[in-house]
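I opened the notebook to go through one model, entry by entry. The sequence and structure come before the notes.

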Amino acid sequence: MSALVPPFTLETATQKVRMAEDGWNSRDPQRVSLVYTPDSSWRNRAEFINGRAEIVAFLTRKWAKELDYRLIKELWTFGGNRIAVRFAYEWHDDSGNWFRSYGNENWEFDEAGLMQRRFACINDLPIKESDRKFHWPLGRRPDDHPGLSDLGL
């Protein structure tokens with residue numbers, strides 16, 4: 001297997017995306033932060049986040065609000081040290097209101113394969129619980145669960 005460092009191939013970019021999805025589905029802020037450079041720079045919606053400590057704080061707040069979070073990421077394109085993905089995740093708030101959040105991310109990696117920049121645009125769509133499409137136990141999405149394109153998303 002090739003190393004997951006730039007420049008990316010289709011194989012390594014696809015693996016990098018799945019590893020990111022698996023990490024975020026763990027809902028473990030400390031674990032997730034370790035794939036970013038210590039001085040990583042993010043724009044997430046209208047929030048600007050810098051460094052691992054801020055990443056951990058942000059993700060801790062996020063997953064305290066976005067309950068039963070389940071995410072699917074899909075490779076959009078790649079080149080050199082950059083990868084673009086599209087994603088969707090489902091979650092509910094503490095009042096039981098369900099949402100499907102759609103977005104795109106642009107990633108830039110350092111030579112060691114750590115993400116140094118992340119730009120995310122995200123929109124939230126209220127859904128009925130009966131409209132959910134992501135039905136797996138919390139944690140990693142099973143390999144046989146459909147991806148975004150398979151689900152028509």
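**Entry 1: the cavity**

How do the residues of the lining of the largest cavity divide into nonpolar, polar and charged? I looked this up and got 6 nonpolar, 1 polar and 4 charged. I note here that the model is predicted.

Next I searched the whole structure for cavities of 30 Å³ or more, and the search gave 1. The largest cavity has a volume of about 50 Å³. I then listed its lining: Trp24, Asn44, Lys62, Tyr69, Leu71, Lys73, Phe87, Tyr89, Glu105, Arg118 and Ile122.

Which element gives the largest share of this lining? I found β3, with 3 residues. I also checked which elements supply at least two residues each, and these are β3, β4 and β6.

**Entry 2: the sheet**

I turned to the strands. They form an open sheet of 6 strands with mixed pairing. I wrote down the order as β2-β1-β6-β5-β4-β3. Which strands are at the edges? I noted β2 and β3 (67-79), each of which pairs on one side only.

Then I took the pairs in turn.

- I found β1 (residues 36-44) and β6 running parallel, joined by 5 bridges. In this part of the sheet I saw Trp42 standing opposite Arg118 in β6.
- I found β1 and β2 (residues 47-50) running antiparallel, with 4 bridges between them. Here Asn44 stands opposite Glu47 in β2.
- I found β4 and β5 antiparallel too, joined by 11 bridges. I picked Ala84 and looked up its bridge partner in β5, which is Asn106.

I stopped at the hairpin of β1 and β2. How many residues lie between the strands? There are 2, and Arg45 takes a positive phi near 60° in this hairpin.

**Entry 3: helices on the sheet**

For α1, I noted β1, β3, β4, β5 and β6. This helix runs at about 165° to β3. For α3, I noted β1, β2, β3 and β4. Its angle to β1 is about 50°.

Is Ala13 buried or exposed? Ala13 counts as buried because its relative accessibility is 0%.

What touches Ala13, leaving aside its neighbours within four places in sequence? I found contacts with Phe8, Leu75, Phe78 and Ile83. I also looked up a distance. Ala13 and Trp76 are 63 residues apart along the chain, and their C-alpha atoms are separated by 9.8 Å.

**Entry 4: the largest pocket**

I moved on to the pockets. The largest pocket has a volume of about 300 Å³. I counted 16 residues in its lining. Which of them lie nearest the centre? I noted Lys16, Met19, Ala20, Val32 and Val35.

I then checked where the lining comes from. At least two residues each come from α1 (10-26), α2 (29-33) and β5 (98-109). With 6 residues, α1 gives the most. By class I recorded 11 nonpolar, 2 polar and 3 charged residues in the lining of the largest pocket.

**Entry 5: the second largest pocket**

How much space lies in the second largest pocket? I noted about 180 Å³. Its lining is made of Asn44, Arg45, Glu47, Phe58, Arg61, Lys62, Lys65, Glu66, Tyr89, Trp91, Ile122 and Asp124. The elements that give two or more of these residues are α3 (51-65), β4 (82-92) and β6 (115-127).

Which element gives the largest share? I found α3, with 4 residues. I sorted this lining by class too and got 4 nonpolar, 1 polar and 7 charged residues.

Notes: Residues are numbered from 1 along each chain as its sequence is written. This is a predicted model: local features need pLDDT of at least 70, side-chain atom pairs count only at pLDDT 80 or more; totals for chains, interfaces and linings use all residues. Side-chain values use heavy atoms; hydrogens and water are left out. On a 1 Å grid over the protein atoms alone, a cavity is a set of points where a 1.4 Å probe fits but cannot get out, and a pocket is an open set with protein on both sides within 12 Å along at least five of seven lines; lining residues have an atom within 4 Å of a point. Grid points are joined across faces, edges and corners, and a volume is the space filled by probe spheres set on the points. Ala, Val, Leu, Ile, Met, Phe, Trp, Tyr, Cys and Pro count as nonpolar, Asp, Glu, Lys and Arg as charged, and the others, Gly among them, as polar. Two strands pair if DSSP finds at least two bridges between them. Contact means heavy atoms within 4.5 Å. Axes are lines fitted to C-alpha atoms, for helices over the stretch in contact, and angles run from 0 to 180 degrees between N-to-C directions. Buried means under 20% relative accessible area, exposed over 50%, partly exposed in between (1.4 Å probe, protein chains only).
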